[in-house]
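Work through the exercises below with the sequence and the structure at hand. Try each task before reading its solution.

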Amino acid sequence: MPDYLDDLRLAHVLADAADAATMARFKALDLKVETKPDMTPVSEADKSAEELIRGQLQRARPRDAILGEEYGITGTGPRRWVVDPIDGTKNYVRGVPVWATLISLMEAGETGYQPVVGLVSAPALGRRWWAAKDHGAFTGRSLTSATRMHVSRVGSLADASFAYSSLSGWEEQGRLNGFLDLTREVWRTRAYGDFWPYMMVAEGSVDLCAEPELSLWDMAANAIIVTEAGGRFTGLDGSPGPHSGNAAASNGLLHDEMLGYLNQRH
């Protein structure tokens with residue numbers, strides 16, 4: 001059985017390089033920002049961080065494929081690195097520190113490609129989280145300075161903290177009423193957005209989170225970190241893993257209840 005720890009060490013090296021590049025341009029007055037065809041922003045820092053990661057991967061893992069948000073897929077084979085150079089670009093370009101580089105290794109199996117390594121690095125927050133298959137989930141400064149993470153044991157929606165990104169996507173999908181019903185049932189709601197709620201689920205500081213529309217590179221790293229911390233990560237359809245185009249993550253105890261609300265259509 002592969003243990004993926006060499007790949008995890010490489011992910012840390014990749015993240016170190018990306019962090020240096022993204023922090024160097026964070027809050028830069030001359031940062032160049034373009035609009036992609038889907039009307040989302042992309043900065044020069046997104047592109048340079050992905051180019052850095054791709055360059056290092058091509059040297060260190062020349063036989064592996066790479067899928068990135070900015071440059072698509074290159075290569076073929078059973079192993080595929082999935083990269084979001086800056087998750088939270090809108091925050092990045094406005095000087096909000098909630099953004100991260102997401103790096104995952106996915107491996108082909110009987111159920112398609114599944115994440116086996118995941119790393120989320122948020123240098124402006126001074127935080128990093130990671131996991132490898134069957135090795136647990138951790139947070140800390142480095143592999144040698146880390147704390148193991150576990151999801152919460154909250155078993156009642158009335159005691160649960162629920163995190164989300166925004167309301168507009170739920171409304172567009174006709175799920176807003178169910179979403180609002182869920183917010184009325186839980187103890188607390190906060191719109192932290194992007195990668196952060198998933199990391200909070202893994203750490204046990206939040207119990208539930210969900211987003212209605214996502215890409216694979218938004219989810220692959222988050223998915224294995226949540227599951228290795230003992231939680232559940234599915235699509236809104238309940239399918240495990242990061243392939244549904246949307247996501248729900250929880251401590252596992254409240255997952256089916258959350259999906260029940262979020263799948264109500266009015």
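**Exercise 1.** How many aromatic pairs does a search of the whole structure find?

*Solution.* The model is a predicted one. Searching the whole structure gives 10 aromatic pairs. One of them joins W129 and F195, with 6.0 Å centre to centre and 55 degrees between the planes. Planes under 30 degrees apart count as stacked and those over 60 as edge-to-face, so this pair is tilted. W129 belongs to strand 8 (residues 127-132), while F195 sits in the loop between strand 12 (188-190) and helix 6 (196-203). The two are 66 residues apart, and the pair thus links distant parts of the chain.

**Exercise 2.** Are W129 and F195 buried or exposed?

*Solution.* Buried means under 20% relative accessible area. W129 has 0% relative accessibility, so W129 is buried. F195 also has 0%, so F195 is buried.

**Exercise 3.** Classify the pair of W170 and F179, and find the cluster that contains these residues.

*Solution.* The ring centres of W170 and F179 are 5.1 Å apart, and the planes make 25 degrees, which gives a stacked pair. Both W170 and F179 are buried. Ring pairs connect W170 and F179 with F162 and Y164 in a cluster.

**Exercise 4.** Where on helix 5 do its buried residues fall?

*Solution.* Helix 5 covers residues 176-185, and its buried residues are L176, G178, F179, L182 and T183. Seen down the helix axis, they fall within an arc of 165 degrees, so they line one face of helix 5. Among the elements covering them are strand 11 (161-163), helix 4 (168-172), strand 12 and helix 8 (255-262).

Methods:
Residues are numbered from 1 along each chain as its sequence is written. This is a predicted model: local features need pLDDT of at least 70, side-chain atom pairs count only at pLDDT 80 or more; totals for chains, interfaces and linings use all residues. Side-chain values use heavy atoms; hydrogens and water are left out. Rings of Phe, Tyr and Trp (its six-membered ring) pair if their centres lie within 6.5 Å; planes under 30 degrees apart count as stacked, over 60 as edge-to-face and the rest as tilted. Helices (H or I, at least four residues) and strands (E, at least two) are DSSP runs, numbered from the N terminus. Buried means under 20% relative accessible area, exposed over 50%, partly exposed in between (1.4 Å probe, protein chains only). The arc is that of the directions from the helix axis to the C-beta atoms. Contact means heavy atoms within 4.5 Å.
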